[in-house]
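Okay, thanks everyone, let's get started.

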Amino acid sequence: QPPICECHSCYGGPDCSQFFPHCSVNANGGDPLFLEPFWVQHAASSAVVIAGWHRMSYLHADQTQISQVLESHIRKLHDTVGNAVTQGRYILFGVGSTQLLNAAVYALSPYNASSPARVVASIPFYPVYEAQTTLFRSMDFRFEGDASLWKNYSDTNTDIIEFVTSPNNPDGQLNEAVLQGRNVKAIYDRAYYWPHFTAIPAPADEEVMLFTLSKLTGHAGSRFGWAVLKDEATYQRMKSYLQLTVMGVSRETQLRALQLLKVVLQGGKDIFEFGHETMRKRWERLSKTMSMSKRFSVQKIPPQYCTFFHKVREASPAYAWVKCEREEDKDCYAVLQAGNITGRPGGLFFAGDRYVRLSLIRSQDDFDLLILKLNQLVHEEDDRQ
Ligand code: PMP
């Protein structure tokens with residue numbers, strides 16, 4: 001039997017060498033396959049084998065040896081990268097950081113108060129904050145949308161929970177909380193705070209910080225995230241949420257995460273040099289294409305000093321946040337779709353239809369095709385003029 005060959009959607013034929021010029025390129029999802037070549041290079045050292053009789057028991061979050069070893073590797077990793085303070089902090093595992101988002105909202109909300117906590121974020125923001133908070137329809141919290149509308153809110157009896165995504169999905173900016181006050185609590189979503197995607201100006205030191213393996217090693221399918229927490233009461237409430245919903249993170253997942261982190265730590269700066277170089281080159285190519293266009297623009301991210309690389313480094317964001325500049329291009333998603341590029345509509349990020357997010361973290365094939373299609377669109381502009 002010949003091996004079953006799975007071709008990229010733009011290629012076909014028995015050996016995947018036939019190119020379909022009119023195919024549509026997927027720049028929609030945030031699947032971080034840009035890191036796949038790194039793991040191909042480390043195939044043997046990153047492999048995990050588990051015998052059938054091994055690790056069969058229920059686990060109690062912090063009582064198993066594997067969890068403790070994994071936690072110490074996470075602390076070591078943050079120390080090495082310098083992207084988060086973990087000394088004297090609690091660490092809690094989740095099924096991806098997706099599960100930790102709502103665990104944190106639950107933990108920071110008042111119990112049985114007369115007024116539910118208002119959950120807010122700065123536009124443009126990651127849509128899951130709204131979707132999840134709405135899905136659970138709790139008496140204790142409610143999604144309220146744009147954080148900036150709450151700047152002058154003076155009723156200190158109402159708790160506010162602000163999601164801060166830094167670097168931000170979709171626009172890569174190193175956001176900070178816009179709300180302050182005794183009744184305001186922030187959840188810092190640090191999914192992209194790794195040298196692949198941003199300069200690391202200083203270790204993050206917020207009350208509630210969320211990280212994920214998905215954007216660090218690229219293993220989004222393993223569903224592993226962690227929270228770094230200052231406050232013990234918040235830690236205990238999040239822990240009971242995790243206990244009641246999933247009874248802890250799969251031990252197979254923990255074992256895989258541990259093996260991957262071992263390889264990351266043994267390699268020193270390797271994965272970050274690979275990640276940053278890949279993403280920086282992609283951003284450079286995209287910026288070059290966009291600089292020739294009057295029809296489209298992308299976000300600006302200035303070079304910044306990075307304490308990890310000990311130098312000023314160029315931008316390397318995970319997503320391009322594209323704006324259609326022409327008056328008639330009101331639906332930017334449709335404009336790109338007509339050029340065979342599938343992005344994610346700006347409306348989903350509460351930013352309006354003039355914007356589209358293009359994922360830059362997918363496979364090299366997807367990225368090369370994205371640039372090809374974008375170049376075609378930009379050249380069509382010249383033909384029109
Ligand atoms: N936060 C942000 C800002 C994200 O972009 C993502 C993934 N796209 C997540 C959280 C969730 O990641 P995961 O559940 O895979 O850890």
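So, the open sheet: four strands, in the order S11-S14-S17-S16, with antiparallel pairing. Bear in mind that this is a predicted model. At the edges sit S11, residues 296–298, and S16, residues 344–345, and each of those pairs on one side only. If you want a pair to click on, take valine 322, whose bridge partner in S17 is valine 356. Then there's a helix packed on this sheet: H8, residues 270–291, which touches S11 and S14. The direction of H8 makes about 145° with that of S11.

Okay, on to the ligand. How many residues surround it? There are 13, and the closest are Gly96, Ser97, Thr98, Thr212 and Ser214. As for who contributes, helix H3, residues 96–108, gives the most to that shell, with three residues. By class, the shell has nine polar residues, three nonpolar and one charged.

Stay with H3 for a moment, and look at how it meets H4, residues 128–136. The two axes come within 10 Å and cross at roughly 60°, so H3 counts as oblique to H4. And the handedness? That crossing is right-handed. On the H3 side, the contact is made by Thr98, Leu101, Asn102 and Val105; H4 brings in Val128, Tyr129, Gln132, Thr133 and Phe136. Five of the contact residues are nonpolar, four are polar, and none is charged. Notice Thr98 turning up again: it's among the residues closest to the ligand, and it's also part of this helix contact.

Just as a reminder, most peptide bonds are trans, and most residues other than glycine have a negative phi. Here we have a cis bond from isoleucine 123 to proline 124, with omega near 0°. Proline 124 lies in the loop between S5 (117–121) and H4. There's another cis bond from serine 166 to proline 167, omega near -5°, and proline 167 is in the loop between S7 (160–165) and S8 (184–189).

Okay, that's my tour, over to you.

Conventions: Residues numbered from 1 in each chain as written. Predicted model: local features only at pLDDT ≥ 70, side-chain atom pairs only at ≥ 80, totals over all residues. Near = placed C-beta within 6 Å. Helix = DSSP H or I, 4+ residues; strand = E, 2+ residues; numbered from the N terminus. Nonpolar A, V, L, I, M, F, W, Y, C, P; charged D, E, K, R; others polar. Axes fitted to C-alpha atoms, helices over the stretch in contact; angles between N-to-C directions. Parallel < 35°, antiparallel > 145°, perpendicular 65-115°, else oblique. Left-handed = near helix turned anticlockwise from the far one by under 90°. Contact = placed C-beta atoms within 7 Å. Pairing = 2+ DSSP bridges.
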